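Have a look at the structure, then take the points in order.

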Amino acid sequence: MLAQCDNSHNTIYKKRRCFLWNNQYFQLDIYKEPCHPRCRGLMLLETYTTLTGEELAKRLPSFLRVEKEVTADPAYSMYNLSLKDEWQNSRKFNKAFTPTSTANGCDFFSGRVTNGLGESGDH
């Protein structure tokens, strides 16, 4: 494993909560310390779906508020979140991140969320 170590990246620590809501499977990743400041309080909600954006919006958990959709935002890829350097100083920042569809035609959705009280993270 040490042969695969990349000293330009931090290890990402997160707690994953998997649940069903309105017949839709979700994964809520709650980022933990130690971490880069960009990950403090970060919570990402992920799902795979064949629903349209409008249909999915109706099925999102009512106890979470999606601040913004980050599915195609390279800043939220694990590769970029784990970079030790600040992004403006790093030539390693990957700007070419593109989400892919799964083999069965499901699309991936990822959103930055807060709980219903407007709080981020694990309280």
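1. How many bridges join β1 to β2, and do they run parallel or antiparallel? Turn to that pair and you'll find nine bridges, with the two strands running antiparallel. One of the pairings to look for is Arg-16, whose bridge partner in β2 is Asp-29.

2. The chain averages a pLDDT of 82, and 81% of the residues score at least 70. Confidence is highest in strand β1 (residues 13–21), at a mean of 95, and lowest in strand β5 (residues 107–115), at 77. As a rule of reading, where pLDDT is low, the predicted coordinates should not be read in detail.

3. Now the overall layout. The chain has two helices and five strands, and from the N terminus on they come in the order β-β-β-α-β-α-β. Of its 123 residues, 37% are buried. The accessible surface comes to about 7,900 Å², and carbon and sulfur atoms account for 50% of that. Take contacts between residues at least 6 apart in sequence: 62% of them join residues at least 24 apart.

4. Back to strand β2 (residues 24–32), which also pairs with β3, in the antiparallel sense and over four bridges. Asp-29, the partner of Arg-16, stands opposite Leu-44 in β3. β2 is mostly covered, with seven of its nine residues buried. As for strand β3 (residues 43–49), six of its seven residues are buried, so the strand is largely enclosed by the rest of the structure.

5. Which residues make up the largest nonpolar core? There are nine: Tyr-31, Cys-35, Cys-39, Leu-42, Leu-44, Val-70, Ala-75, Tyr-76 and Leu-81. Apart from this core lies another, of eight residues, among them Phe-19, Phe-26, Leu-45 and Leu-64.

6. A word on the cysteines. Leaving out residues up to four places away in sequence, Cys-39 touches Ile-12, Tyr-31 and Leu-81. A search of the whole structure finds zero disulfides. Cys-5 has a relative accessible area of 48%, so it counts as partly exposed. Cys-18 is partly exposed too, at 43% relative accessibility.

7. Is Asn-80 buried or exposed? Buried, because its relative accessibility is 0%, where the cut-off is under 20%. You'll find this residue in helix α2 (residues 78–81). With residues up to four places away in sequence left out, Asn-80 touches Arg-38, Pro-74, Ala-75, Trp-87, Lys-92, Phe-93 and Asn-94. Ala-75 is also one of the residues of the largest nonpolar core.

8. Glu-67 lies in strand β4 (residues 64–69) and is partly exposed, with a relative accessible area of 36%. How far apart are Glu-67 and Val-113 in sequence and in space? They are 46 residues apart in sequence and 5.3 Å apart in space, C-alpha to C-alpha.

Definitions and conventions: Residues are numbered from 1 along each chain as its sequence is written. This is a predicted model: local features need pLDDT of at least 70, side-chain atom pairs count only at pLDDT 80 or more; totals for chains, interfaces and linings use all residues. Side-chain values use heavy atoms; hydrogens and water are left out. A nonpolar core is a set of buried Ala, Val, Leu, Ile, Met, Phe, Trp, Tyr and Cys residues joined through side-chain atoms within 4.5 Å. Buried means under 20% relative accessible area, exposed over 50%, partly exposed in between (1.4 Å probe, protein chains only). Contact means heavy atoms within 4.5 Å. A disulfide is a pair of cysteine sulfur atoms within 2.5 Å. Accessible areas come from the Shrake-Rupley method with a 1.4 Å probe; for residues, only the protein chains shown count as cover. pLDDT is the predictor's confidence in each residue, from 0 to 100. Two strands pair if DSSP finds at least two bridges between them.
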